[in-house]
Amino acid sequence: MLSPRLLLLFCLMFLPVLCIGQERPKTSGVPSTCPVTKPAMQPFVPPPPYPAKPSRGQFWFGTDGLWTALPESGAWIGLGHYTPDDPTFRQKLFFWRQCDPHGERTTLIVRGKRIDAVAQPLQTDGPGTASSTADDQFLVTGINFPTIGCWEITSRYGNDELTFVVWVGK
């Protein structure tokens with residue numbers, strides 16, 4: 001017969017194994033009809049000194065001329081409103097490029113359209129602005145989606161263009 005301590009130790013050893021079997025996959029709520037941009041088999045890696053990997057749950061998408069971080073799930077879920085009385089869904093977009101954005105006179109232009117239904121185009125804060133931290137230089141702009149749905153976003157900086165698809169959900 002097993003002692004109470006040995007029985008407790010045995011249960012604690014196998015508890016993680018049992019929990020793994022009970023884990024349920026997380027879903028992002030992306031419909032199969034929305035062709036969201038997913039990580040490539042050969043992921044884009046920015047040139048030095050930029051980090052090879054973005055924040056957890058994201059992947060780099062683009063070229064040396066223009067890139068951004070996108071959600072691995074392909075979805076932006078639960079975006080807030082810019083103000084309490086604003087019905088649009090707000091997201092900030094960050095872009096990087098190999099050149100110093102502060103030394104250039106080209107502007108970042110972002111446009112977007114819903115591709116799964118008719119909707120007004122997304123609204124932007126206007127041309128993106130160059131920004132920096134102590135360790136990083138980037139371009140940033142705010143965008144507002146008038147509805148949830150499947151959105152194609154195209155960003156242009158000089159001769160470089162980047163197009164991707166995301167699902168915007170509640």
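The largest nonpolar core of the predicted model contains 21 residues, and those with the most contacts inside it are Trp-76, Leu-93, Phe-95, Ile-143, Phe-145, Ile-153 and Val-168. A nonpolar core is a set of buried Ala, Val, Leu, Ile, Met, Phe, Trp, Tyr and Cys residues joined through side-chain atoms within 4.5 Å; buried means under 20% relative accessible area with a 1.4 Å probe, protein chains only. Two or more residues each come from E2, strand E4 (89–96), strand E5 (108–114), strand E8 (137–145), strand E9 (149–157) and strand E10 (160–169). E10 gives the most, with four residues. Strands are DSSP runs of E, at least two residues long, and helices are runs of H or I of at least four, numbered from the N terminus. Apart from this core lies another, of eight residues, among them Phe-44, Tyr-50, Trp-67 and Ala-69.

The whole structure holds eight aromatic pairs, defined by ring centres of Phe, Tyr and Trp (its six-membered ring) within 6.5 Å, with planes under 30 degrees apart counted as stacked, over 60 as edge-to-face and the rest as tilted. Phe-44 and Trp-67 form a tilted pair, at 5.5 Å centre to centre and 50° between the planes. Phe-44 lies in the loop between helix H1 (4–22) and strand E1 (58–63) and Trp-67 in strand E2 (residues 66–71), so the pair ties together parts 23 residues apart in sequence. Phe-44 is buried at 17% relative accessible area, and Trp-67 is buried at 0%.

Residues are numbered from 1 along each chain as its sequence is written. Local features need pLDDT of at least 70, side-chain atom pairs count only at pLDDT 80 or more, totals for chains, interfaces and linings use all residues, and side-chain values use heavy atoms, with hydrogens and water left out.

Definitions and conventions: Buried means under 20% relative accessible area, exposed over 50%, partly exposed in between (1.4 Å probe, protein chains only).
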